[in-house]
Amino acid sequence: MKLVFATNNQNKMKELQLLLGEKVELLSLADINCNEEIPEDYETLEENATQKAEYIYKKYNVNCFADDTGLEIKSLNGEPGVYSARYAGEDKDATANMKKALEKLEGEKDRSARFRTVISLFLNDNEYQFEGIVNGNILDSQRGKDGFGYDPIFEPEGYSVSFAEMEVSEKNRISHRGLAVQKLVQFLLEYNA
């Protein structure tokens, strides 16, 4: 089975290919010669994931999936949410995004937050969605050098380290994306059985 992952992130590609094993051949956008900017202009993670996957499915006539992820901070009414990547501006600067979140949380006692990933899979004219959520808290300052995005300021529930201080394998096991991907992988392995 061939399946397109609507991403150009090679780290995500490698991680997923390992999880899927030999039963599924994963292709990137580059593999199908898709170089255009994929639209992502809805207000929810579910709609954005669907929009991206459906765009590739219809335009290239291939089974595919796409994901969208957001950090939802309780005391900021769920911000930055669907705007997580461009919270501090269109240049998608992770450091500026974290700075803005920390400034908005200054003096706030409730620092609870959650990361949420939604994967939309278009497979043989049907759509399936998978969600992964990890709860935690926003730290007072950045900690750790690994990871990306908001990882240095997010401490998952039950841990005393930020995502950026964790071993990658440990983070992938408990993270929002990891949980959503596990559901996707399980579905595909059963679908192919």
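**Surface, fold and pocket of a predicted model**

This is a predicted model. The chain has an accessible surface of about 10200 Å², and carbon and sulfur atoms hold 46% of that area.

Q: What share of the residues in the chain counts as buried?
A: The cut-off is under 20% relative accessible area. Buried residues are 46% of the 193.

Q: How do you know which contacts join residues at least 24 apart, and what is their share?
A: A contact needs heavy atoms within 4.5 Å. Take the contacts between residues at least 6 apart in sequence: 51% of them join residues at least 24 apart.

Q: In what order do the elements of the chain run?
A: From the N terminus, the order is β-α-β-α-β-β-α-β-β-β-α-α. That gives five helices and seven strands.

Q: What makes a residue part of the lining of the largest pocket?
A: A lining residue has an atom within 4 Å of a pocket point. The largest pocket has 39 such residues; Asn9, Lys12, Asp67, Phe148 and Arg177 lie nearest its centre. Two or more lining residues come from each of α1 (10-20), β3 (64-73), α3 (94-104), α4 (168-174) and α5 (176-192). The space in this pocket is about 1300 Å³.

Q: How does the lining of the largest pocket divide by residue type?
A: Asp, Glu, Lys and Arg count as charged. The lining has 15 charged, 12 polar and 12 nonpolar residues.

Terms used. Residues numbered from 1 in each chain as written. Predicted model: local features only at pLDDT ≥ 70, side-chain atom pairs only at ≥ 80, totals over all residues. Heavy atoms only, no water. 1 Å grid on protein atoms, 1.4 Å probe; cavity = no way out; pocket = protein on both sides within 12 Å on 5 of 7 lines; lining within 4 Å. Points joined across faces, edges and corners; volume = space filled by probe spheres on them. Helix = DSSP H or I, 4+ residues; strand = E, 2+ residues; numbered from the N terminus. Buried < 20%, exposed > 50% of the residue type's maximum accessible area, 1.4 Å probe, protein only. Areas by Shrake-Rupley, 256 points an atom, 1.4 Å probe, with all protein chains shown as cover.
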